[in-house]
Amino acid sequence: MDAIPVRPARIQDVAAAAGVSVSTVSNVLNRPERVNARTAERVRDAVAALDYVPHPGAAGLRTGHSSSIGLVLPDVTNSFYARIARGAADAAYDHGYSLVLCHSGDAPEREQGYFTMLAQQRAVGVVVVPLSADPTRLTRLRERGIPLVLADRAMPAQDGCSVSVDDIAGGRIAVRHLLECGARDVLVVNGERSIRQCADRYQGARQAVRSRREARLGQVVAEEMTVGYGREIARGLDDLPDAVFCTNDFLAAGLCRGLAERGVKVPEDVQVVGYGDLDIASFVGTTLTTVRQPVEELGRAAVEMLLDEVEAGAEHAHEARVFAPELVLRDSTLSLSGD
């Protein structure tokens, strides 16, 4: 004879076991300050004895929101965005929230659709990682009426909370290092300048070159910031520069592969610096000197800012928090002495 399945305990079962009303059990679980200590203890004992688990959807209906946070990413397969998600998920878990992952493909209409769904599901707020967002687009997102924090993009604090990395400083320290290692002709392999991070990294590179009168800076723009495009750019270079600064590690890894196919040695013939300190930087044939970003911290800080806005309400002060990047030295550049 088959065993009779055991039905999960309901709130009515807890109320009966504790000898109180269902509303009293609800108050103990959600508004304990309304219940005297002895009654609350009796209810908690019944909860423990019956192994009762409150239904999160029902709690959301009572409080006006659920215990979830939306995270909208442009590309969930990209390791950079995956690391942002990891930091955000850790912070959400630490504060008792779940994370709803949404893949936007950096499409404005898809972002809008996710915001509508998250609002309908009473999510407490959304962390958005835009790739090529413009101010009008961001304003439309904020008009959805739920708290929003931008990650990997700086914006004025009066417009809302954001967390980002100082990419101008990142570009500057990357090219400054190449110059200190003896390079004079530096090429920047960049993404589309409409992407704010790419524009900022190139601006930092220009600042570094301006400090050296004899230095020259060129630029090649890749259609996509991928290993494949980096490889094709390397194979198409007519005149090799002394050094190349790639504005992400995928481009840098592809560039190193393309140079190797031409018999060009890195760093002896051409020095290379990447950006991001992604996993690929340590697994290419010549490990990449690169600019490290505190990526997990971006995700964690964004969630914590969002929850502060939710919990503090009118007392919340918007903040534009900017993290500093750092250079990680590996084998794709020469030592500072030029050896």
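Predicted model: local features only at pLDDT ≥ 70, side-chain atom pairs only at ≥ 80, totals over all residues.

Guide: The largest pocket holds about 490 Å³ of space. Its lining is made of 25 residues. Nearest the centre lie Asn78, Tyr81, Leu131, Met225 and Asn248. By kind, the lining divides into 11 nonpolar, 8 polar and 6 charged residues.

Which elements build this lining? Helix 5 (79–94), helix 9 and strand 9 each supply at least two residues. Helix 9 gives the most, with 3 residues.

Now follow helix 9. This helix runs over residues 196–210, so count 15 residues by its numbering. From first C-alpha to last, helix 9 reaches 21 Å, close to the 21 Å expected at 1.5 Å a residue. Its buried residues are Gln197, Cys198, Ala199, Asp200, Arg201, Tyr202, Gly204, Ala205, Ala208 and Val209. What covers them? The cover includes helix 8 (167–180) and strand 6 (185–190). Strand 7 (216–221), strand 8 (243–246) and strand 9 (271–276) are also part of the cover.

Next, turn to the largest nonpolar core. This core has 69 residues, and Phe245, Leu255 and Val272 have the most contacts inside it. Helix 12 (residues 295–312) gives the most to this core, with 8 residues. Take Leu255 as an example. Beyond its neighbours within four places in sequence, Leu255 is in contact with Val189, Gly230, Arg231, Ile233, Ala234, Val244, Cys246 and Val272. A second, separate core has 13 residues, among them Ala15, Val43, Ala46 and Val47.

Definitions and conventions. Residues numbered from 1 in each chain as written. Heavy atoms only, no water. Helix = DSSP H or I, 4+ residues; strand = E, 2+ residues; numbered from the N terminus. Expected span 1.5 Å × (residues − 1). Buried < 20%, exposed > 50% of the residue type's maximum accessible area, 1.4 Å probe, protein only. Contact = heavy atoms within 4.5 Å. 1 Å grid on protein atoms, 1.4 Å probe; cavity = no way out; pocket = protein on both sides within 12 Å on 5 of 7 lines; lining within 4 Å. Points joined across faces, edges and corners; volume = space filled by probe spheres on them. Nonpolar A, V, L, I, M, F, W, Y, C, P; charged D, E, K, R; others polar. Core = buried A, V, L, I, M, F, W, Y, C linked by side-chain atoms within 4.5 Å.
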